[in-house]
There are 2 protein chains.
Amino acid sequence: MSDARQSSRRAGVVGLGLIGGSVGLALRERGWFVIGADISPAVAADALELGVVDEISDPARADITVVATPVGAIAATVKEMLDAGAPLVTDVGSVKAPVVAQIADPRFVAGHPMAGSEHSGVRGARADLFHGAVWVLTPSEQSSDETYAAVRAVVADLGAEVITIDPAAHDQLVAVVSHVPHLAAVTLMALADTQSSRHRALLRLAAGGFRDMTRIAAGEPSIWLDICRENAAAIAGVLDHLIADLGAIRAQVAADDRAALLGTLERARVARVNLPTGVPLDQPLAELRVVVPDQPGELAKVTRLATDIDVNIYDIEIAHSFEGQGGTLILIVPEAKSERLVGALMAHGYNPSTRPLEQS
Amino acid sequence: MSDARQSSRRAGVVGLGLIGGSVGLALRERGWFVIGADISPAVAADALELGVVDEISDPARADITVVATPVGAIAATVKEMLDAGAPLVTDVGSVKAPVVAQIADPRFVAGHPMAGSEHSGVRGARADLFHGAVWVLTPSEQSSDETYAAVRAVVADLGAEVITIDPAAHDQLVAVVSHVPHLAAVTLMALADTQSSRHRALLRLAAGGFRDMTRIAAGEPSIWLDICRENAAAIAGVLDHLIADLGAIRAQVAADDRAALLGTLERARVARVNLPTGVPLDQPLAELRVVVPDQPGELAKVTRLATDIDVNIYDIEIAHSFEGQGGTLILIVPEAKSERLVGALMAHGYNPSTRPLEQS
């Protein structure tokens, strides 16, 4: 304990549920001293007992503070941490634009790990929850490059693949791949439950496919109320698409339109088979250097551009120039796609250079 | 091989895809000599090479013939097997009423194992596919008790839990727990694919929940065309419910109606947590004896009644009376529910008796 206290790296975690607890466990496993806080004294005591945090005290007094409260409380909590002098703050909420819109501070970069579990609460926390998961960062124009790079390094060290996108784009995308699928799972489960009151055998016929599809419906309901409120517009829009598409399928079934049905089934099959599954670890990498002007948000701009053209960034370093003319970004990317990023950067007025990395 | 040929138990399997192939593997593992047939010579050759069948010849020349063709070909194939003199025929199709309506023969009992996989074809076959799965039997009024009992014994020996219900009820129930969830998974996957053309990062954000929900969309499309045709009315009806329920959720999200949303989420959570997961193997059992009149369909009637009141039947024996007054059914059921079945049988004019079974 006394060694850990003397460690140079201290992290604060506010909100010790499944995600906050897993962040605490993962950081402790990597040698951080973790200071936790939770609105519930019982949860805080559990977290201490489970070894999720080193102590319960002020999470703003740390090198980095991770806000993992329910979505509705994030903006206020981030402000509170910044006002208390926290040097570096990020959050892990499922909706980003409303939070980013409320925080104009160079010390804040918003984030969202795409990891979860049907378990909930601090007792469901796992140190490896983020291993291989995608962790989205949505820096604002106010976020400093140093904040972005520092948060990115911590998150990547937890084993996550970091993707940088615009906050509004994030909210639209998670409505498609997370929020609406969750509501669809809930609706299917509730529908089967209703129908089972007419025939008791119904739920005993539920095989693997139905179990897979409805697993997430077993999750904690309360967090979804905040998500639905904060991302209501995007969720309603995607639900409209889903309802229209199901109506089209219904018409195809009723009309026995086999060509149209086969088209939809085949398209979904190909898309599902090709669903990306993490990044291969052994591909050749390249180093790409680009001089950027000394303006806030340059780093976020470059990394968002990389995401837009589907180039995954493995690592980032900022080499500041001491001649007052900006700095140099060093990006590590797959060698096969380094020229694509060079082209995109040149199209935006940058002058990048690239070289293959030696295989270690 | 010569030992197997001399075995007294011979099974025929028509259609050597995932299900037919798995039936072949499972029966061979239990000492049956399995005769296979498939419309494709290449698939038949694969099945022989993979050890799914012992030989490719006439599947009607067997003690039991399992028809595992695509759904649209089942009725014709069952008739063909019966016309060729098969003594006992069952099928494994996902839609039951249209098949049962076309076959009036005491030697046929329709069935449907609730097992599958995102893999397809004979190369996806597994001997343990039915272990712990529910296998529905939907005997008609023409099915003889002997046929029902014999098919039931074979299916139970493959490790499946047997549930007996009415064919039309089956088709309605699988529309809820299998067919419409499959179409919903396909629709969600196709929708995400469409949206990803606007933003390349979208599918990289797809985490575990989305992967779980869309896994079945990777399955073979062609089988679903037949299922949608044969069960069109039930599927369209359930899709109408799903579309209406999603519309209600959409309205709740748009209006931030937290009480209504929480009600739906909580109801789905409780239903998912309580989703039945197979039968505990170590519970005390009871033997229930009931004299039944010597009429076709009595056994099916009793077992359907048990399913309706949620009493699982572990084993069945038919002890025919030799005094010409019918026979005695011996049912093995959970001791805790034996009185429930006694009550239901008495309400239907039977006079059952029950006693606890010794624990072995």
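Here is a friendly set of numbered notes on a predicted model with chains A and B.

1. **Ground rules.** Residues are numbered from 1 along each chain as its sequence is written, and chains are lettered from A, with ligands numbered from 1, in the order in which they are written. Because this is a predicted model, local features need pLDDT of at least 70 and side-chain atom pairs count only at pLDDT 80 or more, while totals for chains, interfaces and linings use all residues; side-chain values use heavy atoms, with hydrogens and water left out.

2. **Overall build of chain A.** Chain A contains 13 helices and 12 strands. Here helices (H or I, at least four residues) and strands (E, at least two) are DSSP runs, numbered from the N terminus. The C-alpha trace of chain A spans about 75 × 55 × 40 Å along its principal axes. How does the radius of gyration of chain A fit a compact globule of 360 residues? Such a globule would come near 21 Å, and chain A has 23 Å, which agrees. The radius is taken over C-alpha atoms, and the globule rule is 2.2 Å times the number of residues to the power 0.38.

3. Of the 360 residues in chain A, 55% are buried. Buried means under 20% relative accessible area, exposed means over 50%, and partly exposed lies in between (1.4 Å probe, protein chains only). Chain A exposes about 14,600 Å², with carbon and sulfur atoms supplying 52% of it. Those areas come from the Shrake-Rupley method with a 1.4 Å probe; for residues, only the protein chains shown count as cover.

4. **Contacts and charges in chain A.** Take the contacts in chain A between residues at least 6 apart in sequence: 67% of them join residues at least 24 apart. A contact means heavy atoms within 4.5 Å. Chain A has 29 positive and 44 negative charges, and their mean positions are 8 Å apart. Lys and Arg count as positive and Asp and Glu as negative, while His and the chain ends are not counted; each charge is placed at NZ of Lys, CZ of Arg, CG of Asp or CD of Glu.

5. **The nonpolar cores.** In soluble globular proteins, nonpolar side chains tend to be buried together. A nonpolar core is a set of buried Ala, Val, Leu, Ile, Met, Phe, Trp, Tyr and Cys residues joined through side-chain atoms within 4.5 Å. Which members of the largest core, with its 126 residues, touch the most other members? They are L205(A), I235(A), L242(A), L205(B), I235(B) and L242(B). Another core, of 56 residues, lies apart from it and has V53(A), L129(A), A133(A) and L158(A) among its members.

6. **Following one link between the chains.** L205(A) touches several residues of chain B, including M114(B), V134(B), I163(B) and L173(B). I163(B) sits in strand β8 (residues 161-164) of chain B. Because its relative accessible area is 1%, I163(B) is buried. Beyond its neighbours within four places in sequence, I163(B) is in contact with R204(A) and L205(A), and also with residues of chain B, among them W135(B) and T307(B).

7. H241(B) belongs to helix α10 (residues 232-254) of chain B. Is H241(B) buried or partly exposed? Its relative accessibility is 35%, so H241(B) counts as partly exposed. Leaving aside neighbours within four places in sequence, H241(B) is in contact with L191(A) and Q195(A).

8. **Two positive phi values.** Most residues other than glycine have a negative phi. D256(B), which is not a glycine, has a positive phi near 50°, and D256(B) lies in the loop between α10 and α11 (258-273) of chain B. D310(B) also has a positive phi, of about 65°, without being a glycine; its place is the loop between α12 (298-308) and β10 (315-320) of chain B. D256(B) is partly exposed at 26% relative accessibility, and D310(B) is partly exposed at 22%.

9. G72(A) is in the loop between β4 (64-67) and α4 (74-83) and is partly exposed at 48%. Its contacts beyond four places in sequence are D226(A) and E230(A). P167(A) is in helix α7 (residues 167-196) and is buried at 9%.
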